[in-house]
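Have a look at the structure first, then read on.

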Amino acid sequence: MSAPARPSSVPPTAEYLPETNQWGDGPRFEGKRHGRWRFWRKDGSLQEESDYQQDVEQGRSVRYHPDGSRSVEQRVEGGRAVELTLYLTDKPTDEPQPALPPAIRKVHVLFEDGWQKFIQFLGEADQPLTAAGAPAPARPAGVPEGTYLTDAADAWKTGLFDNRGYFKGLHRFWTLSGELMVVRYHSEKRGTVGSRSPYVKPNGNPLVHAAAEGDTPALEELLALGFGHEPGAALHAGLEGLPELAKRLVTLPAGLPFRPLEEKARPKALPSEAVWVPGMERWIVGRVDPEHGPVGTWKVWKLYRVDESGELRGRVQEVEFQGGLRRYQCESVLPEQLGRKEEEDWFDETGRCVRSRAYDQPEGFSELVRLPSGESIRRWAKLPDLPLREERLDAREERVSVRSFDGEGRLRTEVLSAEGRGRVFDVHGAVVAEGSVEGEQLTGRWTLHLAGAERQELDVDGLALSATADVGTLLPLILQMQRSPVPPFLRQALDMEWGGLESYFNLDSKQVPSLLRIIALDHPAAVEHGLDALRENLYHQGTVSELAGPVLPWLCAITATFENEAALERMLPFLVDVGTRGYKLDAANRLKKAFRQRKGDQPSQATEALEKAGRAPVYGPFLLALVDSVEAWVRLSGHANPEVSKAATWLLGLTDHPRAASALCMLLEGPASSALHQTAARVLSLHPATDATRAALERTLGSEDAHVRGEAAMSWLRLHLPDRDRAVAVLLEQVQAQSTEAVVVLTLLPATERMRYLGSLLQVLSRADLSSVYGVARAALATAFPKGVGEALSEPQREVLQTLVGNTAFWRLDVNAAEVLSEVGLPTRLTQVEALLRGVRDGGEGNGSGYHSAASGLDGPSVASFREEEGT
């Protein structure tokens, strides 16, 4: 870049500096700026005069506005400003001009180690001003020099800060009258607060914090302020790994703490020697020896509450000290008789934690072992000490190896991350397979060492295989699969175009054919692997992905061929979960009602029907596939395994075919468990009412099993069968037995009848918790507001709204509450509903309680899709 024309005001010795777009002139020593330098803008106006030593600013520096007036004056040491005065102007300038009130003409700043330690705003006559431009109050005599006003001008303070809003070290705050009220200590990750002010809550102990940061000047100042006399300060220091401070504090002469002492009532269940330590908000029993520091076994209680019986709830720690440092600690859940350990830690003689264990009650734990070399080992295990997985990390916390173990604690796979190599072992520890890995994913060709056979080569690309404990079981199965012909019913799946289909977690859709073939092996490990790879990519939080459209029908077809009981236990519940959005009868009925509107049995016709009804169109092919496999669901509904038969019975409910309805009627009439009879009676309501349906439910209403009777009665009302008196009587029995769903189903009665049960519904609504309140609220609102909100509230409507206002659970999730209320045209905020009850239509914006949370699946029992007046 060529230099611009030199302005006449710029001396001929000046050089053009393209990196700053300036002209500069000054001495150099060995090529570096050394001495006084001046800089000009391109237009020739003087912009800066600064002193340099070896290219580093050192000394006085002045910058100028374009009109020649001063912009900045500063003293610089080692390239860092130690003092700065900023001059503001009303004229055009290219110099920094913070947005400040017009009355402020100067800003004076002092620095320490690159942090600001003092700031003052000045007016035209150098009179002190506040940050708002008002006259500043005089500094009281008791407030030391070097303090400055806070931005709000409500206190004097000291301490380091920067323009990003960060703080460092010790900060003190005085009232405008000169009383020291608040002391804070800041480090990179936390801040602690000591306070005498009723408006500032104490948090931690700044003295202990400063000692942990090695800030001796702050420590001595905090001692002088009384923080060493805070209750339990020596105990606090001991638990923070500061034995020297603990010894010093325990030998301090008597004195007053910084903040006034507040009496804390000791729970009766705690020992009399327990000390309340406000800086930790814990009760502690422990001893600090003046010579050796913390000694013996300490107990530390963090209490959440004390029951009416006096029993403690919270956490308790046991800490063992040796040589002034902790060597072991264990944290458990209160009450102690539960015997539930949460965490354990072990420490070496220097106080460094060398082993940490977190318990996942009641099955197992995870732990981190820190080795002297700087390496570490992460382990996951079952109790008492049965390894499941082990990761070895180097000093940079990069993975060196991963080992996985089976349920008996035997090593089954090992990944050597740095080498990109993995090995698989049999139960005796012999290597049975080895090959390449990327991370923990098997890649490329693997070699299998099968017993009694020559080495076999296997291509694992596209199979989504990870080095898990059961991969040794999978590899021979996959080898067999690759050497066998494709099952006839799956050949079309391999010929399909799978690329580009979207899923929730970016599964490569081209892997789907291989995963389907693996699942079709009808082996528990193969099904588990394939389903794990597909599950969350197809169905996530009640929604289905684009990829689910073509995959779900194949999963139905594959499952229909299964014979293996464990494979069926894994696959059938997944299909039910997808079709019912989590075993929700109302959601399943919405799908089936839309599906019945199809104009034919082609996938496109099913998709169109669902899309027209506002349902996910990918369900169309899935529901057709259920119909194609109806005989399999009939067969499996009679399986001896109750998990298999229950899931297959749900699928009979989902399957839109007379054969499925007939099978459910036969199930109700035949010998089966109570649970299966209940399921059959429940899902029969997903089929259109027929004479056979009515006959089966009528017989079931006479069952000796109250739960079976209840399900039959609820299905009777869902199907709007006539002669409902008997079903209503059964449901009233259920209501007396505290059945939430039964009272909701009663709202399916005609409007003239349902009102007589509103009282029962409101009783349930008043005590409903977060898991059921939204479903019960929907039913109550549908009963009281069948035509929405009118000009004035009726008495039943007022009762419903008053009950809703009184149930705090309903308002905890604002989005859920708003959705339920808006369905009948009601205002969606608590304050607005309260106002409506007072006769005011607009109650303002705030709820005053609750969380702004998305609807979280806590719908509760729902019958909306079964209402006769609701369209499809």
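A polar contact here is a pair of N or O atoms within 3.5 Å; within protein, one must be able to donate a hydrogen and the other to accept it, and residues adjacent in sequence count only if both atoms are side-chain atoms. Keep in mind that this is a predicted model, where local features need pLDDT of at least 70, side-chain atom pairs count only at pLDDT 80 or more, and totals for chains, interfaces and linings use all residues. Residues are numbered from 1 along each chain as its sequence is written, and side-chain values use heavy atoms, with hydrogens and water left out.

Let's start with Ser197. A polar atom of the Ser197 side chain lies 3.0 Å from the backbone nitrogen of Tyr199. Ser197 is found in the loop between strand 17 (191-195) and helix 1 (206-212); helices (H or I, at least four residues) and strands (E, at least two) are DSSP runs, numbered from the N terminus. With 15% relative accessibility, Ser197 counts as buried. Buried means under 20% relative accessible area, exposed means over 50%, and partly exposed is in between (1.4 Å probe, protein chains only). Leaving aside neighbours within four places in sequence, Ser197 is in contact with Met181 and Val182, where contact means heavy atoms within 4.5 Å.

Now for helix 7 (residues 512-519), which is mostly covered: seven of its eight residues are buried. Those are Val512, Pro513, Leu515, Leu516, Arg517, Ile518 and Ile519. They pack against helix 5 (471-482), helix 6 (491-495), helix 8 (524-538), helix 9 (548-559) and helix 10 (565-580).

Leu516 turns up again in the largest nonpolar core, which has 130 residues; Leu516, Leu555, Phe574, Trp633, Leu781, Leu801 and Phe810 touch the most other members. A nonpolar core is a set of buried Ala, Val, Leu, Ile, Met, Phe, Trp, Tyr and Cys residues joined through side-chain atoms within 4.5 Å. Apart from that one lies another core, of 35 residues, among them Leu180, Tyr185, Leu222 and Leu239.

On to the rings. Those of Phe, Tyr and Trp (its six-membered ring) pair if their centres lie within 6.5 Å; planes under 30 degrees apart count as stacked, over 60 as edge-to-face and the rest as tilted. By this rule there are 14 aromatic pairs. One of them is the tilted pair of Tyr619 and Phe622, at 6.4 Å centre to centre with 50° between the planes. Tyr619 and Phe622 are about one helical turn apart, because they sit three residues from each other in helix 13 (residues 619-628). Tyr619 is buried at 4% relative accessible area, and Phe622 is buried at 0%. Elsewhere, ring pairs link Trp37, Phe39 and Tyr52 into a cluster.

A charge counts as over a ring if NZ of Lys or CZ of Arg is within 6 Å of the ring centre and within 35 degrees of the ring normal.

| Charged residue | Ring | Distance from ring centre |
|---|---|---|
| Arg355 | Trp346 | 4.3 Å |
| Arg389 | Trp380 | 5.9 Å |

How many disulfides does a search of the whole structure find? Zero, taking a disulfide as a pair of cysteine sulfur atoms within 2.5 Å. Take Cys353: its sulfur is 13 Å from the closest cysteine sulfur, in Cys330, so that is too far for a bond. Cys353 is buried, at 17% relative accessibility.
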